[in-house]
Amino acid sequence: MDQIRELVVRAATATAHTERIAAYGQLVQMFRDMACGYAYARLGDFHLAEDAAQEAFVLAYRRLDQLRQPEAFPGWFRSIVWTTCGQMARKRSMRTVGLDAAAGVPARLPDPSTLAEAVEMRDEVLQAISQLPDKEREVTTLFYINGYSQKDIADFLEVPVGTVKNRLNASRGRLKERMLNMVKDTLHQNAPDGRFDRKVIDELLSRPRPLEMPGHPVRRVWDALQLALADYEVIDGDEIIDRQTQEAVSGGVGYVFPDTDKVLRTSTTPATFRAIFGRKPPVRLLTAGRVFRVLASGSVGGAGMGSGEDATHMRLFHQADAVCVDTGADVAALRATMERVIRSILENPGLEIRWHDVKYPLFENGADLDVQLTRKWVSMAGCGTLSAKTLRDAGFDPSKVSCFAFGLGLERIAMVKYSIDDIRKLWQPPYVP
């Protein structure tokens, strides 16, 4: 319970966005199977249950400031899953048993009769689970889907441990003895895993590429940025990078390719960071491209198609990164450069700008730049100076040169520059065919 409390507090109050997401990602990993199991107990369909759990994680993240007692997260989150299940049930027709999931038997079974028997057994198991009384079905699903303890289940359902034990014993009595192992196997096989991450990854990678579309607002912002930093060399970066680099440079995991050490990058920082190695100062590099963020639904898994996307947040957006290694590349030079760049892109020399401190991996003097628009402050960019150790590791002498870097969200700037009120419009006609 202490761990849950600590993670909830960090997810709700940490200064750095990456730290909040990382903490919430751990909560997702702790409760992902439980959320899906509880949703399945209510909906009777594994795919709908996954969707409901994903939506619940997104809603819970947005409402963390409403949770007065962090240690009460399990029961509080369960009530959100319950509400989301109700919404799912109203939107789509339900099946008593998820037969499509039951039919998902591994193809390695060569004998058709054996295959048919396995499918029939799974159908029978799922049918038996669906016919349990509601409260017994809940504890049975939660207990068998991934080995949650009776105490964990009790906290989630907000009932005494003894009540969980009694309901579990009752459900075992109703199920045929020969089915108990099959119940465990069937539920465990349908717990969320890397297959769902791959669905999300494939969908994200197939999305359009606005940077390659002349006249698109994102492309126009990128063109303006290159003009403002005309003395910077433009480099390319890979969208798919190794997990170790992702964690070291960007401080998060993001979307993981199942059974590999590859991930979709969450920032363009790895491209500029790796490119400075082996170069001689002065070094000025600039890059831009698509980046991928898990929106409040966790760092590994639990990100349904479209989950979390709204008027100001997308799971895929564009980021630009700039880095400068030179004598005098200090905080003063960094802030002067960024203020010049932002005012140039937005074509507003008198734009009001403010700074506030933020922690970023590998950097010192981290800060975010905000601009004032119609009496409202809007975050535009993040930056920092490279630590002496990191600079030394990159092959530079920190007694002779220093380094600053900053990142910009191109969609955010495009929305301000072209008065676009919904980020999703940038991915729709007339901007994208």
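Visitor: In which strand does His-318 lie?
Guide: This is a predicted model, in which local features need pLDDT of at least 70, side-chain atom pairs count only at pLDDT 80 or more, and totals for chains, interfaces and linings use all residues. Residues are numbered from 1 along each chain as its sequence is written, and side-chain values use heavy atoms, without hydrogens and water. Helices (H or I, at least four residues) and strands (E, at least two) are DSSP runs numbered from the N terminus. By that numbering, the strand that holds His-318, residues 316-326, is strand 5.

Visitor: Is His-318 buried or exposed?
Guide: Buried means under 20% relative accessible area, exposed over 50%, and partly exposed in between (1.4 Å probe, protein chains only). The relative accessible area of His-318 is 1%, so His-318 is buried.

Visitor: Which residues does His-318 touch?
Guide: Contact means heavy atoms within 4.5 Å. Residues up to four places away in sequence are not counted. The residues touched are Pro-210, Leu-211, Val-218, Gly-289, Arg-290, Leu-408, Gly-409, Leu-410, Glu-411 and Trp-427.

Visitor: Which elements do the buried residues of helix 17 pack against?
Guide: Helix 17 spans residues 410-417, and its buried residues are Leu-410, Glu-411, Ile-413, Ala-414 and Met-415. They pack against helix 12 (217-228), strand 4 (283-292), strand 5, helix 15 (331-345), strand 8 (376-386) and strand 9 (402-409).

Visitor: What separates the C-alpha atoms of Leu-426 and Phe-317?
Guide: Leu-426 lies in the segment after helix 17 and counts as buried, at 0% relative accessibility. Leaving aside neighbours within four places in sequence, its contacts include Glu-411 and Met-415. Leu-426 and Phe-317 are 109 residues apart along the chain, and their C-alpha atoms are separated by 9.9 Å.

Visitor: What percentage of the residues of the chain count as buried?
Guide: The chain has 17 helices and nine strands. Of its 433 residues, the share that counts as buried is 51%.
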